[in-house]
Amino acid sequence: MRKALVFFFIVFAIQLAGQTLPPIPERLVDIDCSNRRTDDVLRDIALQGKFEFAWDARLFDPSKPVTLHFRQVTVRKALSLIFGSTISFRVQGNYVVLVAAAPPVVSTPASPQKNEFTISGYVIDENNYVIAYTSIYDSITLVSTLSNQIGFYELKLEAGNRPVRIKVSREKYIDTFIVVTPSSNQTVDIVLRKIPPPVFVAPVVVDSIPAMSDTVAIIPKRRIENIPIIDSLIGFTQLMQSKNLTERLRRNGQVSLLPFVSTNGAMGGAVSNKYSFNLIGGYTGGTTVAEVGGAFNIDRGDVQYFQLAGGFNLVEGNMRGVQVSGGANINFGTVKGLQLTGGSNFVFDTLTGIQCAGGSNFIDGHMIGIQITGGVNIATQDMDGVQLSGGLNMAVGDVNQFQITGGMNMCMDTLNGLQFGVVNYATHVEGVQIGLFNFAQTSETGIPIGLISVVAEGVHEFEVASTERGFMNFNLRTGTRKFYNVLNFGFDPSYPENILWAFGYGIGQRFGIHKNFDVGMDLTAHHLNEGSFSAYTNEWIQFALTAEWRLARPIAIAAGPVFNYYITGARENQLARFQQAPVFMGSPDTGFQDMAWVGATFSVRFF
């Protein structure tokens, strides 16, 4: 049993070692011979490559002398050096079977096939290192291939009367081309040179001051292939062809089932089409007239006029026209036109137009236009337009037009337009805020109008005031000098048994006369309560015109006349408690008692 286990592990180890070898045609061998027989050279190659050759004795003259001196070439290359294009091969197990190379297929009336021939070889750099995943293609027929992981390529072409110009492209290498004359199968090795690194030019110094002192941040371009899910939809071959090609090919139209099943073949991502129709989804280099996709459309280049998808549209270039989807519109470039979706719109550059979404709109750039959504609108730079939402509007830069929402508006820089919502926030308010709650850091020329407005560098004032008859008021003012809110609580100390107290709210405005002297107007409404809360009409309205003198921070004193109006629904006579000479006295026949008089106030303020 022990010997059997040892034997099993030895065999298993040998199999694992064999699996680590590359495919036979790509194994590296040395050829160093002078006038040596062909069959001897083949045996030496087979010994080095750990395989066996097999051939028909009539295939070639085994005694023909061979003189070659090459190190570390592949078996495929070695056979090409020995036989040229006259001998081909196929691999069967551990055997390489040599066969006569097939001539081009000639069309006949009985077999109307196209003439074909094959070119193959390796793509290498200047140091003789192989270059994997290089694009080799014919831009006329869109026939293409990629070199494999060890740089080998094989491209089938139609035979004809004219030479074929084959282009070769690889990311980070200089494009090149080869001209192939239609004939029998050929072996052509292609050499590519790397793109030289950019030359750093030091800034020019004038009078010891650099001409350019600011550091410019280089933001890498957003690429479709960097999205993890997208590369699975497109496929490796399509992505590599698109990444390698620097030229943009053009066609009138294309039809695809999926990105990797297209009339443009593997070159789809490098081809811009006038019309594109994708049954499920497609991947193209751009669209110049119209594109329709059952599930999705993916474009590496620009799209214009019209794009429709049941799921999503993804555009790496610029979009101009109308873009409609059921789920999402995603654009890495600029958008000029209309985006319409049931889900979300994303633009990672400038928007000049309209975004309309059921869920959210997002712009990572300057906005000139309108965002409309039932959920959230976000613009990361200045907004010269309108945001309309049911939930949240947010602009990281300036807002120069309007933000209107049923929820919250946010401007992280300067508000030069209007905010209208339940809650409004802006760092600097130079326009108008209208809402229940307004918040800002500064507001020098702007006006926040709402139930509560809080400005960090605005009005924050607590006041202790007394009327002409001794009623004490405690007021809190918050907002700006142009418009502030007043929260009030007061009581009458002359009624200790059944205390008369009030709470209220008001608005006001302050006019600067001198740096230490202001004139203010306050309009406040108070609900009066005797003992417990008065559930009936019992309202006291005051309009006060006061002069404020700021003695020294944080204390000021103020005084001025007050116009009072009081109305109550109580049955007993409540007017007598004020004991004032009325300017106006209402008739009790209406069921209400009311009166008006002119009084005064004196206060100490803390700011």
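# Burial, cores and salt bridges in a predicted model

Biologist: Why is L528 called buried?

Modeller: Buried means under 20% relative accessible area, exposed means over 50%, and partly exposed lies in between, with a 1.4 Å probe and protein chains only. L528 has a relative accessible area of 0%, so the residue is buried. Its place is in strand β43 (residues 517–530). For the protein chain of 607 residues, 42% count as buried.

Biologist: Which residues does L528 touch, not counting those up to four places away in sequence?

Modeller: L528 touches F471, L500, W501, A502, S534, N538, W540, Y566 and F578, where contact means heavy atoms within 4.5 Å. Of these residues, W501 is 27 residues apart from L528 along the chain, and the two C-alpha atoms are separated by 5.9 Å.

Biologist: What makes the pair R510 and E548 a salt bridge?

Modeller: A salt bridge needs a side-chain nitrogen of Lys or Arg within 4 Å of a carboxyl oxygen of Asp or Glu. The N to O value for R510 and E548 is 3.2 Å, so the pair meets the limit of that definition. With R510 in strand β42 and E548 in strand β44, the pair ties together parts that are 38 residues apart in sequence. R510 counts as buried because its relative accessibility is 9%, and E548, at 2%, is buried as well. Through shared partners, salt bridges join E461, E463, R477, R481, R510, D518, D522, E548, R550 and R605 into one network.

Biologist: How do you know that E247 and K167 meet in a salt bridge, and where in the chain do the two residues lie?

Modeller: Their N to O value is 3.0 Å, so the pair too falls inside the limit. E247 lies in the loop between α5 and β16 (249–258), K167 lies in strand β10, and the two are 80 residues apart. E247 counts as partly exposed because its relative accessibility is 25%, whereas K167, at 17%, counts as buried. The whole structure holds 20 salt bridges.

Biologist: What makes the largest nonpolar core a core, and which members touch the most others?

Modeller: A nonpolar core is a set of buried Ala, Val, Leu, Ile, Met, Phe, Trp, Tyr and Cys residues joined through side-chain atoms within 4.5 Å. The largest has 22 residues, of which I45, F53 and L98 touch the most other members. Two or more residues each come from β1 (28–37), α2 (38–49), β3 (65–74), α3 (75–83) and β5 (95–100). The element that gives the most is α3, with five residues. A second, separate core of 18 residues includes V335, A379, C411 and A440.

Biologist: Why is α3 called mostly covered?

Modeller: Seven of the nine residues of α3 are buried, namely V75, R76, A78, L79, S80, I82 and F83. Just after this helix, G84 takes a positive phi of about 70°.

Biologist: How many disulfides does a search of the whole structure find?

Modeller: The search finds zero, a disulfide being a pair of cysteine sulfur atoms within 2.5 Å. As for individual cysteines, C411 is buried because its relative accessible area is 0%, while C356, at 25%, is partly exposed.

Biologist: Which residues make the nonpolar surface patch of about 880 Å²?

Modeller: The patch is made by F462, L476, L487, F511, I513, F517, W549, L551, I555 and F606. Patches take residues with over 30% relative accessible area and no salt bridge, joining like charges within 9 Å and nonpolar side chains (Val, Leu, Ile, Met, Phe, Trp, Tyr) within 5 Å. Areas follow the Shrake-Rupley method with a 1.4 Å probe, and for residues only the protein chains shown count as cover. F606 has 37% relative accessibility and so counts as partly exposed.

Terms used
Residues numbered from 1 in each chain as written. Heavy atoms only, no water. Helix = DSSP H or I, 4+ residues; strand = E, 2+ residues; numbered from the N terminus.
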